[in-house]
Amino acid sequence: PKSTNTMGKKALNVEFGEITEENINELKKLNESCFPVTYNASFYREVASARHIPQLSKFAYYNNQVVGAICTRVEPNIQYPATTTSTSTTTSTSTRLYIMTLGVYAAYRGRCVGTQLLESVLKYVEQALMKHDVEEIYLHVQTNNVDAMQFYKRFGFEIGEKIVGYYRRIDPPDCYVIYKKFRRNGGDNDNDEKEEITGGVGGGEEAS
């Protein structure tokens with residue numbers, strides 16, 4: 001039988017689709033609906049570029065309509081300090097995955113759309129990207145977005161450094177670095193039913 005999330009709504013069986021130059025406007029509309037920040041042209045060029053890995057940035061479709069999306073990128077692994085009193089960082093030869101955005105239209109929230117998007121990326125990284133030495137996945141979450149932090153915690157993410165003044169023109173302007181380390185032997189924390197209760201989470205330096 002079809003699973004039901006903790007909010008009592010039936011989970012949607014979504015399909016995934018690639019984000020391209022031809023449909024990038026669908027991502028723009030989604031982001032404008034979900035996020036309090038505006039993403040500039042370079043963000044959309046990066047997501048739609050040919051060098052982007054389609055399994056790591058994708059749309060979620062239901063009845064042939066875009067209902068959500070996740071956008072990520074692979075980048076050098078910069079180790080953030082464990083406490084806010086430390087300012088030093090170190091760079092290793094490994095890489096990590098950055099979640100730029102994860103958003104779901106309001107009408108489809110609470111239906112496991114965000115869960116399926118995030119799980120698909122985590123599964124791909126654990127199965128296909130270990131050879132590229134991806135050690136962790138991370139994102140930035142506004143300090144007052146408790147729902148988003150609780151959502152990621154269910155997947156084994158931890159709350160790291162607090163960055164003061166990260167966002168511009170939104171209040172509060174501060175964020176936390178939320179991260180998850182990948183196990184070198186594969187596998188992940190056991191997950192039951194998990195569902196997003198927030199419209200959009202994440203938002204990196206492309207936000208303005």
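**Figure 1. Arg 73, a buried residue of the protein chain.** In this predicted model, Arg 73 has a relative accessibility of 10% and therefore counts as buried, the limit being under 20%. Arg 73 belongs to strand β3, which covers residues 65-79. A polar contact of 2.9 Å joins the side chain of Arg 73 to the side chain of Glu 75. Leu 56 is 17 residues away from Arg 73 in sequence, yet the two C-alpha atoms are 7.2 Å apart in space.

**Figure 2. Ser 57 in the loop between α2 and β2.** Helix α2 comprises residues 41-48 and strand β2 comprises residues 58-62; Ser 57 is placed in the loop between them. With a relative accessible area of 2%, Ser 57 is buried. A polar atom of the Ser 57 side chain lies 2.9 Å from the backbone nitrogen of Thr 72. When neighbours within four places in sequence are set aside, the residues in contact with Ser 57 are Ile 19, Val 47, His 52, Ile 70, Cys 71 and Thr 72.

**Figure 3. The cluster of rings formed by Phe 35, Tyr 39, Phe 43 and Tyr 44.** These four residues are linked into a cluster by ring pairs. Across the whole structure, a search finds 10 aromatic pairs. One of them is formed by Phe 43 and Tyr 44, whose ring centres are 4.9 Å apart and whose planes are at 90°, an edge-to-face arrangement. Phe 43 has a relative accessibility of 0% and counts as buried. Tyr 44, at 8% relative accessibility, also counts as buried, because the limit is under 20%. Lys 28 lies over the face of Tyr 44, at 5.4 Å from the ring centre.

**Figure 4. Arg 96 over the ring of Tyr 138.** The charged end of Arg 96 sits 3.6 Å from the centre of the Tyr 138 ring, over that ring.

**Figure 5. Phe 157 within the largest nonpolar core.** In soluble globular proteins, nonpolar side chains tend to be buried together. The largest nonpolar core of this model has 53 residues. Leu 27, Ile 99, Leu 118, Tyr 152 and Phe 157 are the members that touch the most other members. Apart from neighbours within four places in sequence, Phe 157 is in contact with Ile 99, Leu 118, Ile 137, Leu 139, Tyr 152, Ile 178, Tyr 179 and Lys 180.

**Figure 6. The protein chain as the setting of the close-up views.** The protein chain contains four helices and eight strands. From the N terminus on, these elements follow the order β-α-α-β-β-β-α-β-α-β-β-β. The chain has 208 residues, of which 51% count as buried. Of the contacts between residues at least 6 apart in sequence, 73% join residues at least 24 apart. The chain exposes about 10,400 Å², and carbon and sulfur atoms supply 45% of this area.

Key
Residues are numbered from 1 along each chain as its sequence is written. This is a predicted model: local features need pLDDT of at least 70, side-chain atom pairs count only at pLDDT 80 or more; totals for chains, interfaces and linings use all residues. Side-chain values use heavy atoms; hydrogens and water are left out. Helices (H or I, at least four residues) and strands (E, at least two) are DSSP runs, numbered from the N terminus. Buried means under 20% relative accessible area, exposed over 50%, partly exposed in between (1.4 Å probe, protein chains only). Contact means heavy atoms within 4.5 Å. Accessible areas come from the Shrake-Rupley method with a 1.4 Å probe; for residues, only the protein chains shown count as cover. A nonpolar core is a set of buried Ala, Val, Leu, Ile, Met, Phe, Trp, Tyr and Cys residues joined through side-chain atoms within 4.5 Å. Rings of Phe, Tyr and Trp (its six-membered ring) pair if their centres lie within 6.5 Å; planes under 30 degrees apart count as stacked, over 60 as edge-to-face and the rest as tilted. A charge sits over a ring if NZ of Lys or CZ of Arg is within 6 Å of the ring centre and within 35 degrees of the ring normal. A polar contact is a pair of N or O atoms within 3.5 Å; within protein, one must be able to donate a hydrogen and the other to accept it, and residues adjacent in sequence count only if both atoms are side-chain atoms.
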